[in-house]
Amino acid sequence: MNRRLASSRGAWRLWLALLPLALAWPALRHIVESRMSLHMLGEFPMLFIAGWSASGLCLRHVQARRWLRGQRLLDWHGWTGATLASGVALVWMLPSALDAALLVPSGAAAKLASWWLAGWLLADGWRRMDAEVLLFFIGNLAWMLATAGLLYVDAPARLCANYLLDDQRWTGIGLVSSAVALLALAASAGVRRPAAGNSHRCGGNASPRTHHATMASTSSTSSRSRQP
Amino acid sequence: MLCLALALGWVAGLHHWTHGFEVWTFDGRRQLQLQAGELHAHPVALRASDGSVPRLWGDAGAAPAAYLVDFIYTRCPSVCRALGSEYQQMQRELAVPRDAQQVQRGVYLVSVSFDVDHDDPVQLARYAADMHADPRYWTLAVPATHDGARALLRSLGVVVVPDGEGGFVHNGGIHLLDERGRLRGLYGIDQWPKALEAAQRLAATPREDLR
């Protein structure tokens, strides 16, 4: 039963990891990126989730152990991943960056790579963050989403040359809603989080396979690890 | 340490991209490109409302000239019509005889349609008649090809998006170009007197290489 569950989870991860390839189909990409709401609230999370899923798929292999060790060395307590993800979220909320992602090929490539990398790093890093850092990261992200959302809702004129005013307002509402949802999710995860004494230790000494097996056996929010 | 370096890198990058946390939009960046002299209108083949093939900016050897260019589509019910009205007022100003000190020659009004599929010379002629455009002052034209239209819009940083109701929305306004096609000024629709004044000044300025 567990094997079947793991296999089904692996298949899902594979699908999610490969989802950005759909953007290689110009018609679909045009549909997604021609609306600000779909671009910001659909494509960005999709790229992030793809990186997250790819990390989950790759790092559980024994061959990835050395890579993971190196990654964790650079991503001390998940701080690097959190900083990268915060910066990525901030940059791609700027109207000029959104336009650049549509008008300049290097902007589009930077967008794809940065969201994907943020997902990849956070997939492993968030479990190793201290509770206070994780709370700060989520709070900061929610604050950024809400601020950008309110600016988009209130702006009397188009801020992006590529998008319409109505679309901009709906996107603003979506960003504010995402901020609220993120805070609610964090609060609910905090409530469900067991006492510190029950937390699992899944630090750098654990093999990637062991690490992910442990993660899979616990709730997504219940385990916390510390880098020795 | 890496985290700190990354955070500083983000701040430095953002400072650079937004020009000191001042410029947040595409149009703001476009203004900076204008000030830096980085925007040049791509020389494209045009078809005018009278069926001719006008040769406008882009000629390095041409006499000093100033083109006040706007982008339109003739099916537009709102903004382009408003812009047409501003152009009518500029045309009236240009037609008024002035004293010898004030140069009226060398200032041209140009409305370029980006709706290449729909706006052929016949449609443009109809639009010109509606707007009472005098061909001595006001040229209405459309790029001969889609690629030409794209290249022209792109070169000036004009982005056209469908409005979902069969029309278009675009940034821009009134573009002041010199005889070589360099963008020398950008003005909102309501700033047409300022645009006209700047065009007259530009047309009266002797070319640097002939001084």
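Which residues make a nonpolar surface patch of about 300 Å²? The patch is made by L14(A), L18(A) and L21(A). This is a predicted model, where local features need pLDDT of at least 70, side-chain atom pairs count only at pLDDT 80 or more, and totals for chains, interfaces and linings use all residues. Residues are numbered from 1 along each chain as its sequence is written, chains are lettered from A in the order in which they are written, and side-chain values use heavy atoms, with hydrogens and water left out.

**The surface patch**
- Patch residues have over 30% relative accessible area and no salt bridge, and nonpolar side chains are joined within 5 Å while like charges are joined within 9 Å.
- One of the three, L21(A), sits in the loop between α1 (2-18) and α2 (26-33) of chain A; helices here are DSSP runs of H or I with at least four residues, and strands are E runs of at least two.
- L21(A) counts as exposed because its relative accessibility is 60% (exposed is over 50%, buried under 20%, partly exposed in between, with a 1.4 Å probe and protein chains only).

**Aromatic pairs**
- Over all chains, a search of the whole structure finds twelve aromatic pairs (ring centres of Phe, Tyr or Trp, the last by its six-membered ring, within 6.5 Å; planes under 30 degrees apart are stacked, over 60 edge-to-face, the rest tilted).
- Among them, F48(A) and W52(A) form a tilted pair, 5.9 Å centre to centre with 45° between the planes.
- Both residues lie in helix α3 (residues 36-58) of chain A, four residues apart, which is about one turn of the helix.
- W52(A) has a relative accessible area of 31%, so this residue is partly exposed.
- In chain B, Y73(B) and F168(B) are edge-to-face because their planes stand at 90°, with ring centres 5.1 Å apart.
- That pair links distant parts of the chain, 95 residues apart: Y73(B) is in the loop between β2 (66-72) and α3 (79-95), and F168(B) is in strand β6 (residues 168-170).
- Y73(B) counts as buried at 3% relative accessibility, whereas F168(B) counts as partly exposed at 24%.
- Back in chain A, one aromatic cluster is formed by F44(A), F48(A), W52(A), W115(A) and W126(A).

**The nonpolar core**
- The largest nonpolar core has 47 residues, of which M40(A), W92(A), W115(A), M129(A) and F137(A) touch the most other members (a core joins buried Ala, Val, Leu, Ile, Met, Phe, Trp, Tyr and Cys residues through side-chain atoms within 4.5 Å).
- Elements giving two or more residues to this core include α3, α5 (79-91) and α9 (165-192) of chain A.
- α8(A) provides the largest share of this core, ten residues.

Conventions. Accessible areas come from the Shrake-Rupley method with a 1.4 Å probe; for residues, only the protein chains shown count as cover. A salt bridge is a side-chain nitrogen of Lys or Arg within 4 Å of a carboxyl oxygen of Asp or Glu.
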